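Reader: Hi! I'm new to this one, could you walk me through it?
Author: Happy to. Let's bring it up first.

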Amino acid sequence: MAARIDGKAISQAIRDEVAQEVARMKSALGKVPGLAVILVGSRKDSLLYVTSKEKACEQAGIRSYSVNLPDTATEAEILEHVHKFNRDPDVHGILVQLPLPKHVREQEILGAVSMDKDVDGFHPTNIGRLAMQGRQPLFIPCTPRGCIELLLRTGVQISGKHAVVIGRSNIVGTPAAMLLQRHNATVTVVHSYTPDPAAVTRTADIVIAAAGVAHLVRKDWLKPGAVVIDVGINPIEDPSAKKGHRTVGDVHFKEACSVASAITPVPGGVGPMTIAMLLQNTVESAKRAYE
Ligand code: GUN
């Protein structure tokens with residue numbers, strides 16, 4: 001039976017550390033870290049994420065600034081807010097909630113965020129540095145950083161292991177693969193064009209599942225003793241659930257439990273780590289600003 005990696009408890013420990021650091025900054029410097037969140041449109045999931053980010057900031061003592069623009073906002077209007085926050089010395093982190101509406105070029109917006117306030121780590125220069133040996137990004141994207149933090153804080157060795165990342169998105173899969181490589185894992189990325197993803201994944205010591213497909217990873221995808229990090233957040237219909245649906249990961253949790261040595265649940269695994277890492281990135285940015 002696999003051990004359960006408790007993302008809720010680990011993220012709470014990180015949030016407590018962050019709150020302590022914020023309190024220390026406040027008394028030593030009279031300054032608190034500030035995070036600006038730009039939301040464009042009214043997607044329900046994005047709204048939910050943004051609200052929980054604001055709440056988490058408040059609990060940690062981080063000041064949050066939020067801008068909510070309509071679906072019809074132009075690139076120029078969004079850029080205006082990005083530039084304003086770039087200039088504001090009280091703002092140490094800027095996050096543009098993704099996805100943006102279709103008419104907006106994501107790269108134009110993400111590339112305009114000041115590199116030293118890029119707490120999401122999505123600026124092309126930060127991503128480029130993440131990919132290069134011997135170069136240091138100013139920020140590491142929150143969800144991949146959260147996955148690695150879960151491994152490190154549960155004592156899982158990464159160096160020398162074979163890690164398979166399922167999915168190659170800009171937000172999770174691709175940066176997760178680069179990050180694992182920086183921790184000296186041998187990394188294979190499996191995606192929708194991989195002929196036999198199960199056979200490849202079955203060779204992994206560490207699996208990071210970030211495909212966005214409910215229950216994609218079954219028992220026969222896993223090597224006995226593998227460590228499984230499930231990034232998926234997929235709603236599925238379930239008439240017995242309170243709202244008629246529930247959230248499941250990319251991994252069939254029950255099946256995986258009988259094969260893996262450790263696994264993150266959904267919910268309560270990677271999800272809460274993303275916000276904890278965002279808070280940590282924001283505090284690190286503020287500390288750099290006042291060093
Ligand atoms: N949308 C889904 N995940 C993320 C994330 O980590 N950051 C931002 N900005 N948008 C997202």
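Author: One term before we start: a residue is called buried if 20 or more other C-beta atoms lie within 10 Å of its own. Also, this is a predicted model.
Reader: Thanks! Which residues are buried in helix 1?
Author: In helix 1 they are G7, I10, S11, I14, V18 and V22.
Reader: And what do the buried residues of helix 1 pack against?
Author: They pack against helix 2 (44-60), helix 6 (142-153) and helix 10 (271-290).
Reader: How far apart are the end C-alpha atoms of helix 1?
Author: They are 32 Å apart. With 23 residues (7-29) at 1.5 Å a residue, helix 1 should span 33 Å, so the two values agree.
Reader: What follows helix 1?
Author: G30 does, and its phi is positive, near 70°.
Reader: New topic: where is G173, and is G173 buried or exposed?
Author: G173 sits in helix 7 (residues 173-182). G173 is buried, because 24 other C-beta atoms lie within 10 Å.
Reader: Which residues is G173 in contact with, leaving aside neighbours within four places in sequence?
Author: Those are V165, G167, R168, V189 and A210. Of these, V189 is 16 residues from G173 in sequence, with 7.9 Å between their C-alpha atoms.
Reader: Nice. How many residues are in the largest nonpolar core?
Author: It has 86, and those with the most contacts inside it are I166, V207, I208, A209, V228 and L279. Helix 10 supplies the largest share of this core, 8 residues.
Reader: Where does this core lie?
Author: Domain 1 (30-115) and domain 2 (142-270) both give residues to it, so the core lies between them.

Note on methods. Residues numbered from 1 in each chain as written. Predicted model: local features only at pLDDT ≥ 70, side-chain atom pairs only at ≥ 80, totals over all residues. Helix = DSSP H or I, 4+ residues; strand = E, 2+ residues; numbered from the N terminus. Expected span 1.5 Å × (residues − 1). Buried ≥ 20, exposed ≤ 12 C-beta atoms within 10 Å, placed from the backbone. Contact = placed C-beta atoms within 7 Å. Core = buried A, V, L, I, M, F, W, Y, C linked by C-beta atoms within 7 Å. Domains from an automatic or database assignment.
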